[in-house]
Amino acid sequence: METSLKKDEYMLELQKSMSQDKWETEELNEYLTQQFEQLNKLISTISPDNFWGNLPKIIGIDAKLILMAEISCYDYSKLPIKEILRLVETDYRTYFKELCGNDLSSNNKYSMVFNIV
């Protein structure tokens with residue numbers, strides 16, 4: 001059975017999955033707002049001419065948002081927001097590769113999921 005994911009549902013579920021009490025900082029809210037705005041812009045302008053350039057960026061934003069949601073499940077209250085954002089910005093490109101159990105030192109497979117911008 002196939003489930004259709006709608007943009008508003010996606011964004012709402014991601015926001016709900018982030019533990020808000022740990023994330024009440026202006027810097028984090030700005031970062032998340034920026035990611036959602038960039039995602040909206042990329043989705044609204046996608047066309048056959050820019051699909052191959054936009055899709056890796058969309059997947060990258062998805063990886064960043066999922067990483068933020070995963071991190072929010074743990075007690076990182078002692079870790080500064082700047083460090084959390086640095087980790088997300090560093091690790092998002094390999095998130096799906098790790099999730100699929102691939103060795104980070106191996107060459108990327110020919111898949112959009114492993115070639116994130």
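This is a predicted model: local features need pLDDT of at least 70, side-chain atom pairs count only at pLDDT 80 or more; totals for chains, interfaces and linings use all residues.
Reader: Why are H1 and H2 called roughly antiparallel?

Author: Helix H1, residues 7-17, and helix H2, residues 26-45, pack at an angle of about 165°, with their axes 12 Å apart. Angles over 145 degrees count as roughly antiparallel, and H1 and H2 are therefore roughly antiparallel to each other. The crossing of H1 and H2 is right-handed.

Reader: Which residues in H1 and H2 meet, and what makes up that contact by class?

Author: On the H1 side, Lys 7, Tyr 10, Met 11 and Gln 15 take part, and they meet Phe 36, Leu 39, Asn 40 and Ile 43 of H2. By class, this contact of H1 with H2 has 5 nonpolar, 2 polar and 1 charged residues; Lys counts as charged, and Lys 7 is one of the H1 residues listed.

Reader: Which residues of H3 meet H2, and how do the residues of the contact divide by class?

Author: From H3 come Asn 54, Lys 57, Ile 58, Ile 61, Lys 64, Leu 65 and Met 68, which meet H2 residues including Leu 28, Tyr 31, Leu 32, Gln 35 and Thr 45. The residues of the contact of H2 with H3 divide into 11 nonpolar, 4 polar and 2 charged; Lys counts as charged, and Lys 57 and Lys 64 are among the H3 residues listed.

Technical notes:
Residues are numbered from 1 along each chain as its sequence is written. Side-chain values use heavy atoms; hydrogens and water are left out. Axes are lines fitted to C-alpha atoms, for helices over the stretch in contact, and angles run from 0 to 180 degrees between N-to-C directions. Helices (H or I, at least four residues) and strands (E, at least two) are DSSP runs, numbered from the N terminus. Angles under 35 degrees count as roughly parallel, over 145 as roughly antiparallel, 65 to 115 as roughly perpendicular and the rest as oblique. A crossing is left-handed if the near helix is turned anticlockwise from the far one by less than a right angle, and right-handed if clockwise. Contact means heavy atoms within 4.5 Å.
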